[in-house]
Amino acid sequence: MSAWRTTHAAHKSACKPSLHRCNPLSALQSLKQVKTLHDMAHLLGYQPSGLSYLLYKLPVGAKYTTFTIPKKSGGVRQIDAPAPRIKRLQRELAKILYKCIAEIEAQPGRKNTLSHAFRYGHSILTNAKAHRKRRYVLNLDLQDFFPTLNFGRVRGYFLKNRDFLLSEKAGTLIAQIACHEQTLPQGSPCSPVISELLAHFLDIRLATLAKKHRCTYTRYADDLTFSTNQKDFPAALAVETEAGWILGDGIVQKIQSAHFTIHPSKTRMQLRARRQTVTGLVVNEKTNVRSDYYKTARAMVDSLFRTGTYVIDGAPETALAPIEGILNHIYHVRESVIDAAIEAELDPERKKKRKSERAKAKRETPSAIRVLYHRLLFYKHFIAPSQPVLLGEGPTDSIYIKTAIRRLPAYHAALTELKQGKQVQRLDFFRYSKQAKEILQLGGGTGDFKYLLTAYKKFAPQYKHAPMAHPVILLIDNDSGSNPVFSVMASLFHVTASIKTDLPFYKLASNLYVVKSPPVELDGSSYIEQFFDPALLTTTIDGKTFNPNKEHEAAGEYGKVWFAEKVIRPNEANIDFTNFGPILARIAAVLEDHAASKAAVLPQAAQ
């Protein structure tokens, strides 16, 4: 191996975060003990040589990629995107700093209720809620928020702030990791958390000023809001002139003395008689999205379902991520207003009753946005998936199948493909997320599969644009737990299946398939864990034995989640996956059948 390759390999290894980092001290205490680069490297999980290489030897041009994106208000915003190695380092620093914030705010009287960006449990919604039903709402923006926070300010903060008081070396290293071209870059994982720390003293000053004049103050990143129900708005904050509202000396002085700059064209006063918005949400009565925003979103979704395209920002779009983000935002805002009211209920019994009623209402009389969001997610996952979709009976089945494909090269040709020089799996494994359970009622298990089949039969014909270019595969255990699925297959799709039948797959509709686990027992029944070596199923963890009928651990037993995460994943190189071959063969047969079906349709479409 050449000297360059040896050095490069060493640097590559040294620049990886350590998996064996162990520090009994709190994050803040650990940071205060950093005196050298070696100390900082250990805290962040790096070798000292690796950290030194990233900071001082890696060429500047290899650290960031700079590009611009258009602003909604006009002009462009410069983004400095860190290279993967730098981004990984900045994420480690951000984790430490967020832990420090949590420790500081856990102290009595230190909870931050002023800033609502870049922190868990806060959002544009919590920011807007503080300004509901007000006579006056004043908005203003800070100009060049991140670039204003330069290397010297970042370093000086960590040296002098009373919560940190770090060593000069620690403060310097943090600034070197976080800054690019002497400022906090937009695009860095640690710019948000550092901006929160540095801007907090501005929040304190402005909140004090607001309280003095009986106003409410909050900040969302560079967006500042003051509101009040007083008959006259305090002149120290803003005054009305013939040319419009201008900021008062009190606000201007506080912001300028904190070394921030007010954006000259983004100050606006909103009166109760007209629509008032805070961080894009209407706050006149209850917090809500603008009605025109919702109507536009609804029109976009309607166009997507009819033609496969929609218009956003004046340009045609086919990607689902933008419209999904819009609907997720609307759903979160509209539904959370009701959910928050229930959470605020003080009477435990009444709270429990209201939660139960709320859950029932969501199922039986869903809101318009919930119906619209459901239709989009159903379209995304089952009508127009970007690649074949596999749904197992929970997340553990996906782990087994992913690993089996990796470990059995005989199936790589059928179940993997080359993308950008890498061999990747052709299957998209459905993620049983909170969103999937909340909107699609899919949390894993055959009971949810019964609902999915019913929903598919009902909703699939409603989409005029229904490409169904890839199959949707339900992988089920061939046991009595699947009887409800067999029943729906027969009643809705007229497809006969039972524990005793054994076909490679069962095609229910254009792109909808069911695959059963192959027979193991004499009666033909089986469950997926039976395809591991029986000795593996006897593995004990902390004195507990495996129970395949459970999802999670119980007294003396552990379930499928532990089995997948603590037995299969860490030991996959030593596990024999040969018995999974027949399952993979069935999945491959589905892909082949669906491809043949689509190919047969093409000549007819051409005519």
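Okay, some housekeeping. Because the model is predicted, local features need pLDDT of at least 70 and side-chain atom pairs count only at pLDDT 80 or more, while totals for chains, interfaces and linings use all residues. Residues are numbered from 1 along each chain as its sequence is written, and side-chain values use heavy atoms, with hydrogens and water left out.

Let's start with the sheets. When I say helix or strand, I mean DSSP runs numbered from the N terminus: H or I with at least four residues for helices, E with at least two for strands. Two strands pair if DSSP finds at least two bridges between them.

There's an open sheet of four strands, ordered β4-β5-β3-β8, with antiparallel pairing. At its edges sit β4 (216-220) and β8 (268-271), each pairing on one side only. From one strand to the next, the twist averages 20°. Angles here run from 0 to 180 degrees between N-to-C directions, and axes are lines fitted to C-alpha atoms, for helices over the stretch in contact. Inside that sheet, β3 (residues 136-141) and β5 (residues 223-228) are antiparallel over six bridges, and L140 has L224 in β5 as its bridge partner. Helix α10 (residues 191-212) packs on this sheet, touching β4 and β5, and its direction makes about 160° with that of β4. Contact, by the way, means heavy atoms within 4.5 Å.

Now, another open sheet has five strands, in the order β16-β13-β17-β19-β18, and here the pairing is mixed. Its edge strands are β16 (428-429) and β18 (506-507). Strand β13 (residues 389-391) runs parallel to β17 over three bridges, with V389 opposite V472. Lying across β17, β18 and β19 (512-516) is helix α20 (residues 483-493), at about 145° to β19.

On to charges. How many salt bridges does a search of the whole structure find? It finds 18, counting a side-chain nitrogen of Lys or Arg within 4 Å of a carboxyl oxygen of Asp or Glu. Take K266 and D141, at 3.9 Å, N to O. K266 is in the loop between α11 (249-257) and β8, and D141 is in strand β3, so the pair ties together parts 125 residues apart in sequence. K266 is partly exposed at 30% relative accessibility, whereas D141 is buried at 14%. For those words, buried is under 20% relative accessible area, exposed is over 50%, and partly exposed is in between (1.4 Å probe, protein chains only).

Then R219 and E196 meet at 3.3 Å, N to O. That one links strand β4 to helix α10, 23 residues apart, and R219 and E196 are both buried.

Last topic, the rings. The structure holds 30 aromatic pairs, meaning Phe, Tyr or Trp rings (the six-membered one for Trp) with centres within 6.5 Å; planes under 30 degrees apart are stacked, over 60 edge-to-face, and the rest tilted. F305 and Y463 have centres 5.0 Å apart and planes at 90°, so they're edge-to-face. F305 is in helix α12 (residues 291-307) and Y463 in the loop between α19 (446-459) and β17 (472-476), so this pair ties together parts 158 residues apart in sequence. F305 and Y463 are both buried.

Ring pairs also link a cluster that includes Y400, F531 and W562. And the charged end of K566 sits over the W562 ring, 3.9 Å from its centre; the test is NZ of Lys or CZ of Arg within 6 Å of the ring centre and within 35 degrees of the ring normal.
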